[in-house]
Every structure is written in structure tokens, then in C-alpha cells.
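Hi everyone, and thanks for making the time. I'd like to walk you through a structure that may be new to you, so please have a look at it first.

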Amino acid sequence: MTRSRFFFNSSVIRQNLRQHGWIGIIYTLALLFALPLQMFMNGDPNAKPQTVQNLFFVGGEIQMLFAVTVPVAAGLFLFRYLQAKMPSDLWHSLPLRREHLLVSHTVSGLILLMVPIWLTGAIAAMVQPLDSNMYIYTGSDVLEWCLTLSVLTLFLFIFSMFIGICTGQTVLQGAVIYILLLLPVVLLQLINEHLGMYLYGYPRWFGIRAHIEVWSPILHMVYVNTNAFSAGDLWMYSALSVLLFALSVLLYRRRHGEKAGQAIAFTYFNPLFKAGVMFCAMLISGTYFAQLKQQQLGWTIAGNLAGALIGYIAAEMIIRKTWQILTRRVPLEFAGYALLLGLLLYIPVSGISGYENRVPALEKIEAVYAGSDYAANDAYWNTNNPNTSKEDPFTEDRNYIEAVRKLHLAVAAARPEAPANYSYSDYRQFYLSYRLENGRIVQRSYMIPSAGFEPELKAVMESEGYKRKAYRLSRLETDTESFRLNNYNKALSLSDPQEVKEFKEILKREILNMTYEDQNLTRVQPSYASIQTMGKPDATGYQLYYAYEWQSSFHELGAWLEKKGYADKIRTKPGDIASAEIIQDNYNDRLPAAERHDPERHLELARSEKRSAVIQEAAPIADILEHQRYYSAKDGDYLVKLVYKEGRTDYMTLREQDLTPAVKAILP
Amino acid sequence: MIEIRGVSKIFQGEKAVDGISLTVHKGAIYGLLGSNGAGKTTLLKTLAGIYRPEEGTVTIGGKPVFEAPEVKQRIIFMPDSPYFFPQASIRSMAAFYRSVYPSWSEERFKELAAVFRLDQGRKLSRFSKGMQRQAAFWLALSCAPEVLIMDEPIDGLDPVMRRQIKNLLFQEVAERGLTVLISSHNLREIEDLCDHVGIMHGGKMLVEKDLDDLKADTHKIQVAFRDERHAGALTAKLQILHQEQRGSVNLYIVKGDRERISRAFHVYEPYVFDLLPLTLEEIFIYEMGDAGYDAQPILL
């Protein structure tokens, strides 16, 4: 008697294990290699066993290489019977309901995948007490590893099955699985680029910092070392597996047996497939051409159209399984799709939403952040690094909120754009974020030029709220045990508690007293020395440190260091300089673009024309050190090459107004 | 009893089977004829519960087939090219069928080992096509089905094995009341096997006949009349499907009782009178010619 009262059929499972057993063997060998074996693989015979946060730290990449491929392969092989005509006919002619077939194949696959995981876990647990094991872990670590990998494997296998039900070709099934598993990340990135390009003020986020990998199961798995799966993630993947399984059962009931060999098993997925492929192709091609051609309208439209055309043709070829797709219907259908998708891309950036002009009303704002490094407040966003303190980047001071809002209003009205070759000293990247009363966060990002926005910038940048966040005063206030001052090969430590306390107070006061002009100066003028805070080491020996600068405007700090006799030990003195060479730079036009930023080429040209002066006198050198700016190759400025006695050379710039009589006297 | 009522099956917008109705009685051997692409395979797969029809119903013993294990347990479908699980041998396939088909007869399986002298432990993929076909028959008959659906089953069998299998089928039909459906593109191949024949073309059923009736009922007559006017007089009396004149000899295909026809002709005392049995092929050519089809390309 067949056991149809169960939801699976044991003979089907037996048959599957006989046919696909090799998958289980390969997975077992792979996992044994990737986990227990790696515990004993260490080139350094003297290395001490190390504690791990979880077992994915042991060869995590190798583990994940197998974990992202084998479950999908199992899905492809076990559900091959749906995609090939002859197996499909055989299986579907048997006196078994489709639910039984599906459940039986799923159970077969899970046996093939789960046994290796738990077997590997058991072996990892058994070798745990061995002396030559290079890692220290507990039984619960092993259990956690098994559970995590089981859930991820389950999800990938079920997902693979679900796509198998929806498609009719194994090759396409495999391609679609990986495309869909990566798609959320790629799509988010493309949309981010698209909005960033056309939406004025859109705060583009960058790279892995935004933890975008969590949107793709396989990327998350690859980055498991840096971003472990939380219990919440595992629950989500379990729930998704259940949902996808239920959907598979429902769709399988409706699936036609003759779809074996067709691209898409359900015709009502065809428009979705076509639109999806076209949308992605449009985003890629449109963004590519727009970036390459500085968003010229013609190129942008042409790029999007080309993408739409390629996407349409590709999708149509896959669906119809032929490259000869041209029929009378095609141009009309293409036009329809392209128009709709074009609108879908255009409407969000068209200004209809009012995004670009929207500045929240003052009474709705609860707190605000303004600064150049919103993402770097990673303490707030990067919740995975336990070593960074969780500082809220927002400030609730009403005057500050008002100042930021005024700056935002001015920028949104004037819409300044930074040219491609803008100078670092003329533009500031500003992230403006509001936390509203209703909990929502409104974020914008602008390149704001100093010119034309001085009053607004001054109001913002001289606020205590701005400086506290921009210079991270909270880090200075908490757990600083000592300071270390550095200036190339000069270094100095402050560790006397009284001195540390005084220094900390003065540094804080100096930062809070910086004017708008002082802060602008820091962008063009090198500091006298860098100041590093040294915190108390934590249990693992990890020591937090932050860097501040001894700016030329810090007169009180300078006087204190002078008084203590530290200033001479740390600042660059004219006596440190062996020689200085000065030229007036007018050579940009005569140099090829690639060499314009090489100061030595400018100097060579000047020397060849005998327009360079080399000096060793202390007085002008002292003036040069006092007024030096970062090197920038601008015509009319003066380029100075400083050769230190220690052998180091340094290039800097002086402007006309920086020239003291002593320096003017030595000009060639 | 197999009942197919108004079944249509659409593949990518084209009707592969178009409104077909068909009844096959228990213990009948039904031959489904038609050229390539006529829709035979589609109809058989729909009948086997592999395909779900877009329109119409397929029932066996009054119950719908699709997704009904209790009905499908009684059916075996043999595809046009035999397929077995990869790596499988006859023994492992038998074990699988044994666990899936409750009617599996171990006794029958052992009996048939004498007929099909195949190595049970050898991998089926190493067998020749004809041997695979034999293995498929062996397994199918061992399941002791009530309905056996075979798509182009004779291909690749040697004449001796063909004979053997025909005998086996006759035996099953006689002893157990097995109902058989066979498709073929070649009438001569199944002529001596079927008692009912249906001809499909372009997804439609053109003709459906009981062969015994047909053979008893349709006759070819070669006759040379004494007077040409006799011919005209005869056509009024008999049901003539087809007639043509070759010189002085007239050729008639006539439906009706042999004796009555013979008597009708002898009234005119023709010089020559020959009453011949028709081959099936001829019957269909004439029948379909009547229906307005050029039967030659459909049948051969």
C-alpha cells in the first residue's frame, strides 16, 4: 500500500537518496573540510588557541562558499524532474498527488543537506577538547553554528525549489536564483545612484558601510565574519522558508506539466519578468551613460532607451526561446513597457514629490544633525562593533535647529552645484538630518560653497551643537587617560593626571571657541601637531583612540604647551629645516594634465628658467612655517619645497597675502 | 471505461488537442492514429493525468484522472521513448513500482522474466533502445494495470518481440479485461492488434471506427457490366462510398451486407464480379476522402 496518508512517500525519498546521495556526501566532505579540519590547520606551530565569537570565524568564507552553492545545487538536481520532459512525464504519471511529490522531494533534499550539517557539528563538538585544536568554543557555539547553517541552508533550498516551480529550465532556474538573491542589493545601489544623480540633496550612501549586504542572503553569508546572523535574521529566514514552501505548493498545483523546458512556468509572470529585466537594464545603462556624459539629457535618454531595448530583447528571447523575436506586436509592446518604466524612473526625480524643496517646519523638528561625516557617526549606525560608543548624532538645541534650518532653506532655494574640479577649501559636504517629532528622519546632503552662504554657515558652524558633533567632544570627555602628540618624527606623551585634566579642559575650550574663519583655516593650513587621546584598554586589550589637531588658532593651548616646555619638543622649528626652495607657480598650462599635481615638475620648469630661490636663513623659514598652506597647484600662488634635516621633503603653498617682508626679500 | 469529453489542450496559444470526445470500453484495444503533430501524444498524456486539460473532462471508471492517485494507480503510461531513473536497473525500477503501484504483481514479474530475457541487475541506460522498450513492457505489465496507455510502442522492437508483446497484450485483455490505448503513425503496424481505431489530425478526431464492423461492412467490388446503364441503376440501390472506372472495369467501395450487395450485382449478370475485403488503409482512405481530407499524407 502506498503511504499516501502521510504527506510524503518513502519510496520516492529512497529513490531520491539513491539518485542524489552524492550531494549529501559532497556537502559532508565540504563542511568537514571547512570547519573541523580548519581548526587544526594553522601554519604557525607556536600559535595559541584563540577564542571565537562564533564558529563562522573558523574559515567562514570557505564554509559559506559551500553553504551558498550546495543547497542551491540540491534544489536544481532534486527538482530537475520538473524541468526535463521525460522525468516530468514519469513522475507525473505516477499515482502520487503533487503535494506528495513536492513534500517527498523536499524531505529528500533536507535529509541530504541537514545530515551533513549536524554531523559536522557533532564532529566539531567532539574535537573541541583536543589539544591541537586552535580555537576555543563551547557546545552552545556548535549548536548556534548548526542552527544558523540549517536555517540558511533550508532557506536557500526552499528558495531554489520555489524558483524551480516558477521556471521551466534548470539553467534559467539557477541563474534566476542567484540573480534574485543578489538583486535587492544591486537594485538598491542602482536606485541610490539614480536618485543621487537626479534628486538634488539626496543623501547617497556608500558601499558596505550602509550594511547593505543584509538585503541579500548570499552577500550576508559571504560577510558573515563581519556581520553575524542574529536570532531575528534566522526567524525571518525561517518564516520566509515556510512562506515560500506554501507558495510552492499552491503554484505547483496550478503548474502545467508541459511547462518542462519553457522559460517561465506561469504566463502571468512573463510581464513581471520582462519589466524586471528591462528596469534593471535601464537603470544600469541609464546611470552609466549619464555618469559618463555629465547627465546630458540626450545621452541620458539614449542610455535609458538602449537599456530598455536590451532588457526587452533579452527577456523576450528567454521567454520565447529564440533570437528571432521580431513580430508586428513587438515594437508596440516595447513602446508600452518602455514608457511605463520610463515614468517609473522619472516620476520620483521629477520634483512632483517636492523632495528637493522640502524643509521641515521648525515646530515639527525634534533634533538635528549637520556635518560632513554623518555616516562616520557609525557608533549610532554600526551596531555590530561593540567597541564604539553609541553616541546619538542628533542635537536638540532650538537655536541650532533654527540655524541648520535656515542654511537648508538658503541652499534649497539657491541650489549650488559643485563643479567637477572643485577645490576642497571652497566647498563643504554637509549632511543635514532632522529627527522629527513623529520619529521620522529627514536627510539631505549638499555640497555647500563658502561663497554666498557665509552668514548661514557661520551661524551653524559656530553653534556648540555643531562643534560638539563635528569634533566629537564626547569622546574627549569620556575615558581619556592620556594624550599623545605627534608631528612626524616628533612625539610627546601627556600622562600626568593633572596635566591631562588641564590639557583636556583647554582643548575642549579651544574647540568650542573656534570661529567660522578658524574652522575654514583648518582646511587649508596644516596643524602644528596631531593630538591623540588614549583610552583605557578593554578586557581584550583593545584601546580606543581619537585624533584631534593642534590648530594654529589654539592660542591658549599653545601658551600652555609653551609654559610646560612641550611646545619646542613637538612643533616644527626653523632649525629642523635644511633648506627651502620657493617659486611663483605659473606652470599649470605648460604641463600635461597628468603632471600638474606633481610639484617637482613645477619646480623643474622654474629651475630651468632660473626662477627658483633656495634659502637656508631662519627668519624667512619661520615665516613660511607660520603661514604655510596645503599644497595646491594654482597659478599665481607660491610653491615652497621644504627639505628637512631628517631627510623628509614637504611641498606647500603660500598665497600673496601670506608673504612677509622677509619672504618677499628672497623671491627670485 | 475511459471517457473523454470535449477535451482541449492549448500549448503556447495553439490548440494541440481541439475538443476531442472519445469512449473506450473495458477490454478494448484502441488504436490512435495520426501523423506527427496530430495531437496523439498530448491526448494520451492528458488521459494519463500528466497534463491538465484546459477544457473538457477525462474520466476513467467515472472518476476524473488528474491528481487522483486512486485512479492513476490503475493506469500505466508508456512514453514514446522509454525513460527510467538514472542509474536504475530493472530490479531497482521494479522495487520502485512495487512500492508505488498497489496492484503490482510479483508473480507476474517473475513469469515475464522468461519472456523478456534481460539482465535484471544491469543498468538500464546501457540497454539498447529495443531492450529498454522490452523492459518498459515488462515493468508495465507487472504493475497489472487496468488501463495501459502506450505512445508509439512498437518502434524499435524486432518482429519476434513484436509478436510476443502482441500476444501478451491479447492475453491480458482476454484474462483480466485490460483496456489498451495505443498511438501510432502507421496503420499497418497496429492493424492486427486493435479492435477500435481513431484517426486524429490537427488536434481533431477525424474518424472513429469499430474495426470488426468496418471490415464486415465495407467491401471493394470490381465489376465489368454488360451494359453501362446498369451502373447508374446500381448506385441508387447501394450505399457507395467510392467509385471509379478503369477502362471497362468499374471499382466500387460499398457499405452494407455482403450477401445483399452480391445479390444486387448479380441481377445484372456482369461479365466480371469480384468482391474483395478491404485493407484498413483503404477503408480510411475512402472514408476520409468522403470527409474531404486527402488521407494519404495523414495515414502513411
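This is a predicted model: local features need pLDDT of at least 70, side-chain atom pairs count only at pLDDT 80 or more; totals for chains, interfaces and linings use all residues.

Let's begin with chain B. Chain B has 300 residues, and 40% of them count as buried. Its secondary structure comes to 12 helices and 14 strands. Looking at contacts in chain B with a separation of 6 or more, 70% come from residues 24 or more positions apart.

How is chain B divided into domains? Domain 1 of chain B runs over 2–202, and domain 2 covers 213–299. Taken over C-alpha atoms, the centres of these two domains of chain B are separated by 37 Å.

There is also a record to mention here. An unreviewed UniProt entry carries the annotation "domain: ABC transporter" for residues 2–227 of chain B. Over residues 2–227 of chain B, the chain is 32% helix and 31% strand. The end C-alpha atoms of that stretch of chain B lie 52 Å apart.

Now over to chain A. The domain assignment for chain A lists domain 1 (10–260), domain 2 (274–346), domain 3 (362–469), domain 4 (474–570) and domain 5 (574–666). Between the centres of domain 1 and domain 4 of chain A there are 50 Å, again taken over C-alpha atoms.

Helix 18 of chain A (residues 497–513) packs with helix 20 of chain A (residues 555–564) at an angle of about 155°, and their axes are 8 Å apart. Because of that angle, helix 18 of chain A is roughly antiparallel to helix 20 of chain A. Which residues meet there? From helix 18 of chain A we have A:E502, A:I506, A:L507, A:R509 and A:E510, and from helix 20 of chain A we have A:E556, A:L557 and A:W560. The residues of this contact between helix 18 and helix 20 of chain A split into 4 nonpolar and 4 charged, with no polar ones.

Next, where the chains touch. The contact draws 20 residues from chain A and 22 residues from chain B. On the side of chain A that touches chain B, helix 1 (10–34) and helix 4 (85–93) of chain A each supply at least two residues. Helix 4 of chain A gives the most to that side, with 6 residues. By type, the residues on the side of chain A that touches chain B are 7 nonpolar, 9 polar and 4 charged.

Last stop: two backbone spots. In chain A, find A:Y488, in the loop between strand 6 (482–487) and strand 7 (490–494). A:Y488 has a positive phi of about 50°, although it is not a glycine. B:A144 is not a glycine either, yet its phi is positive, at about 45°.

B:A144 is buried, with 20 other C-beta atoms within 10 Å.

Notes
Residues are numbered from 1 along each chain as its sequence is written. Chains are lettered from A and ligands numbered from 1 in the order in which they are written. UniProt positions are given in the numbering used here, feature names are shortened, and annotations may be inferred rather than shown by experiment. Helices (H or I, at least four residues) and strands (E, at least two) are DSSP runs, numbered from the N terminus. Axes are lines fitted to C-alpha atoms, for helices over the stretch in contact, and angles run from 0 to 180 degrees between N-to-C directions. Angles under 35 degrees count as roughly parallel, over 145 as roughly antiparallel, 65 to 115 as roughly perpendicular and the rest as oblique. Two residues are in contact if their C-beta atoms, placed from the backbone, lie within 7 Å. Ala, Val, Leu, Ile, Met, Phe, Trp, Tyr, Cys and Pro count as nonpolar, Asp, Glu, Lys and Arg as charged, and the others, Gly among them, as polar. A residue is buried if 20 or more other C-beta atoms lie within 10 Å of its own, exposed if 12 or fewer, and partly exposed in between; C-beta atoms are placed from the backbone. Domain bounds come from an automatic or database domain assignment.
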